[in-house]
Amino acid sequence: MTKTVDPSPGAARASGPSIADTLARDAIAPPAPILQSQYEFLGDDDIPVERYTSHAYMQREMNELWPRVWQWVCREEHIPDVGDTYVYDIGRHSVVVVRSAQDTVQAFHNVCTHRGTRLFEREGCGYSGGFTCPFHGWSWHLDGSIDTIPGRWDFPHATEQTHALRPVRCDTWGGFVFVNLDNAAAPLERQLDVLPQHFAHFPLERRRIKLHVQKRLPANWKAAQEAFMEAYHNFATHDAPNGGNTQYDIFGKFVSRFIHNIGSYSPQSLEDYPGDKWRRPALTEQEQLQMLSVFGLSSDCVPEGDTARNVAAAELRRRLGEALGTDLSGVSECMMLDSIEYHLFPNMFLFPGVNVPMVYRFRPDGDRVDHCLFDLLLLEMLPEGTPHPVPPEPVFLDVDDSYTQVQALGWLAPVYDQDTDNLMLQQKGLSSAAKSGVTLGNYQEARIRRMHMTLNEYITPPESQP
Amino acid sequence: MSENPFEHNLLTHKLCKIADHDELPQGKTQVAAVNGREVLLCHTAEGYFAVDNLCSHAAARLCDGKLKGHRVLCPMHGGSFDVRDGVALSRPATAPIRTYQLLVNEQGIFVSLPDEAT
C-alpha cells in the first residue's frame with residue numbers, strides 16, 4: 001500500500017515503516033538525540049560536474065576551503081607525551097601538531113621560516129625534543145620559539161617575532177585534535193554545532209583506535225565521501241534490502257546524519273525497485289537473523305513473536321560486553337546494531353555505534369583532482385579506568401589493493417570494495433562530460449546538497465573573482 | 001656441525017646477555033653496554049630487535065627518544081630508523097644504523113656482536 005504523497009518538494013518518503021517506527025518498537029529506547037529528526041527541502045538543481053573534475057575548482061578549494069576550515073588531524077592518544085608529533089598533509093599544505101607541554105597541544109606550519117623547507121617530510125607520528133630544519137639546521141623549541149640559528153651573526157634580522165614557527169590554530173574535541181590554518185576563523189565549537197550535545201551519551205574520548213586503514217581511492221574527495229552519505233545505493237551496490245527507508249537529518253550548515261537499521265527493513269520501501277527480491281516474499285525474521293551471521297552470531301533462531309533485531313542485539317550485548325569489559329545490558333538495539341552516521345563538514349564521518357564504530361576522513365591526494373585519500377578508523381570502547389593503548393600504525397592500501405587484505409575489517413571489507421568499484425566508474429563517467437550536472441534526490445541525497453551549499457560559502461564563484 | 005650462527009659465538013664467548021626474557025614491555029626500549037658500545041634493545045609487536053644506540057645524524061642517544069611501532073625516533077632532531085633493518089626513514093637522518101642479531105630463549109635475550117665490534 002502506498003503512502004499518501006505530499007506534493008511539496010522533499011516531503012515524499014518511502015512507503016512502509018520508517019526508522020522512527022522501528023526504533024519505537026525496540027525493547028530499549030535509544031538516547032534522545034537519536035530520536036530527533038530534522039530535514040528541510042534545500043532545492044533540486046544539479047551539482048556542476050566541474051566540482052569533481054576541474055583542476056581550477058580544486059585549486060579554489062586549496063586556496064579557499066582547506067586553509068579556512070577546521071579539520072581533524074589525529075587522536076590525542078597519538079601524542080600522549082611531551083615531544084610527540086603528528087604531521088598532517090592536506091593538498092599542498094602541511095601541519096605539525098605537537099604536545100609541547102603535558103597539558104598543551106600546539107600546531108605549526110610544517111615549514112622552515114628561513115627558506116621554506118618542510119621540517120618533516122612524511123605524514124604521521126613522530127617524536128622529537130624540538131624541530132630542526134634538515135637544510136641548514138635551524139631549530140625551534142617545541143613551543144615554536146627559536147632554539148638555534150647556526151651562524152647567527154649573519155641573521156641579525158631574524159628575531160623571535162619574525163622567525164618563530166608559524167602557528168596554526170589547534171583545538172580538541174572527543175579525543176580528536178583539529179586544526180584550522182585560518183587564524184581568524186570562528187572557533188571549533190561553531191563548526192561542531194550539535195555534535196557535542198549529540199555525542200554526550202557516546203564519549204569519543206573514551207574510545208581507542210582498534211584499526212586504522214588508509215586507502216587511495218580513484219575519485220575526487222567529494223565524490224568519494226558522497227558515496228558514504230546515502231544508503232540509497234545499498235540495493236544496487238551491496239545487494240542489501242535496508243537502504244530504502246533510511247532516515248536523513250540535517251542539523252545546520254556543518255552537521256548531517258543518516259540512520260539505517262540493521263536487522264530490519266521495510267519491504268514496502270522497495271516497492272518500485274526492479275524485481276521481487278526482498279519484497280515478494282518479504283524476508284522472515286529468521287532470514288533476517290541469518291543475514292546478520294556476518295557478525296559471528298551463535299544465535300540462529302528467532303523465537304515466535306520476537307525479532308531478529310532483538311535476538312542479535314541481545315547476543316552482541318553479552319558478547320561485546322564481555323570482550324570490551326563493559327556493561328552493555330542497557331544499550332538500545334539502535335546503538336548496538338544500526339549504522340548511525342554523522343558528517344561534519346567538510347570531510348569527517350563519525351558513527352556512534354557499538355558494532356558499527358567507524359570514523360572516516362576523505363581529502364585530496366596531493367594535487368590530484370581525480371584521486372583522494374580515505375582514512376578509516378575503527379574506534380573501540382575503552383573500559384572505565386583503562387588508559388589508552390599505543391594506537392596502531394595505519395595500514396596503507398593503494399587504489400588496486402582490496403580491503404580484504406586487512407583481515408581485521410571482516411565483513412566490512414567486501415562492502416568497501418564494492419564502493420570502490422563504483423567510485424572508479426563514477427569518476428570516469430563524470431570526466432566524460434556527457435552531462436553537465438549531478439542530480440540528487442530531494443530527501444535521500446539531501447546531505448550531499450547541504451555539503452555543497454556549505455562549500456559554496458567558502459568558494460568564491462568564478463564570476464566574482466578578480 | 002650445527003648451522004646455528006650463534007653456536008660459534010657461544011663457543012667463543014661472543015654472545016652477551018642484555019636482558020631477561022620478560023624484562024622489557026612491548027613498545028619500550030632498553031640500552032645495554034656491550035664491549036664498549038651501546039646497543040639499544042627494542043621490543044616491538046613483531047618481536048625484539050637491536051640497533052646501535054647512536055643516531056647516524058648527530059650521534060644523539062636513541063634511548064632518549066621513542067619507539068613507535070617498528071620505528072625508533074631520535075630525541076634531538078626527530079630522525080627515525082626502522083629497527084628491523086636499521087634503514088633511515090626520515091630526515092635529517094639519511095645513513096642507516098647498525099643492527100645486531102639476537103638470540104631470544106628462556107635464559108634471556110642475547111646479542112651477537114660482529115668481530116670488529118669486539
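Okay, let's start with chain B: among its contacts with a separation of 6 or more, 41% are between residues 24 or more positions apart. Keep in mind throughout that this is a predicted model. Chain B is built from one helix and 10 strands, and if you walk along the sequence the pattern reads α-β-β-β-β-β-β-β-β-β-β. So much for the layout. As for burial, 47% of the 118 residues of chain B count as buried.

One pair inside chain B that I'd like you to find on the screen is B:Asp52 with B:Arg37. They form a salt bridge, with 3.3 Å between the closest N and O atoms. B:Asp52 sits in strand 4, residues 47-52, and B:Arg37 in strand 3, residues 37-44, so this pair ties together parts of chain B that are 15 residues apart in sequence. Is B:Asp52 buried or exposed? It's buried, at 17% relative accessible area. B:Arg37, at 23% relative accessibility, counts as partly exposed. The cut-off for buried is under 20%, which is why those two get different labels.

On each side we have 16 residues: 16 of chain A in contact with 16 of chain B. How much area is buried between chain A and chain B? About 1,300 Å², and carbon and sulfur atoms give 46% of that.

Now the polar side of things. Across the interface of chain A and chain B, 10 residue pairs are in polar contact, with both residues at pLDDT 80 or more. On the chain A side, strand 3 (84-90) and strand 6 (124-127) each supply at least two of the residues that touch chain B. Strand 6 of chain A gives the largest share, three residues. Sorted by class, that side of chain A has four nonpolar, seven polar and five charged residues.

Let's talk charges. Over all chains the structure holds 32 salt bridges, and between chain A and chain B the count is four.

Another one is A:Asp81 with B:Lys66, whose side chains meet at 2.6 Å, N to O. How exposed is each partner? A:Asp81 is partly exposed, with a relative accessible area of 36%. B:Lys66 is buried, at 17%.

Staying with charged pairs, but now within chain A: the side chains of A:Asp398 and A:Arg216 meet in a salt bridge at 3.0 Å, N to O. A:Asp398 lies in the loop between strand 19 (395-397) and helix 13, and A:Arg216 in strand 12 (residues 207-217), so the pair ties together parts of chain A that are 182 residues apart in sequence. A:Asp398 is partly exposed, with 32% relative accessible area.

Here's a charged residue without a partner. A:Arg450 is in helix 14 of chain A, residues 446-458. A:Arg450 is buried yet has no salt bridge, and the nearest side chain of opposite charge, A:Glu457, is 4.0 Å away. What does A:Arg450 touch, leaving out residues up to four places away in sequence? The list is A:Leu42, A:Ile250, A:Gly252, A:Lys253 and A:Glu457.

In helix 4, residues 55-65, the buried residues are A:Tyr57, A:Met58, A:Arg60, A:Glu61, A:Met62, A:Glu64 and A:Leu65. At the start of that helix, a side-chain oxygen of A:Ser54 comes to within 3.1 Å of the backbone nitrogen of A:Ala56.

Last one: A:Ala434, in the loop between helix 13 (412-431) and strand 20 (437-438) of chain A. A:Ala434 is exposed, with a relative accessible area of 74%. And where is A:Val49 relative to A:Ala434? They are 385 residues apart in sequence and 9.8 Å apart in space, C-alpha to C-alpha.

Note on methods
Residues are numbered from 1 along each chain as its sequence is written. Chains are lettered from A and ligands numbered from 1 in the order in which they are written. This is a predicted model: local features need pLDDT of at least 70, side-chain atom pairs count only at pLDDT 80 or more; totals for chains, interfaces and linings use all residues. Side-chain values use heavy atoms; hydrogens and water are left out. Contact means heavy atoms within 4.5 Å. Buried area is the accessible area (1.4 Å probe) that two parts lose on being put together, summed over both. A polar contact is a pair of N or O atoms within 3.5 Å; within protein, one must be able to donate a hydrogen and the other to accept it, and residues adjacent in sequence count only if both atoms are side-chain atoms. Helices (H or I, at least four residues) and strands (E, at least two) are DSSP runs, numbered from the N terminus. Ala, Val, Leu, Ile, Met, Phe, Trp, Tyr, Cys and Pro count as nonpolar, Asp, Glu, Lys and Arg as charged, and the others, Gly among them, as polar. Buried means under 20% relative accessible area, exposed over 50%, partly exposed in between (1.4 Å probe, protein chains only). Lys and Arg count as positive and Asp and Glu as negative; His and the chain ends are not counted.
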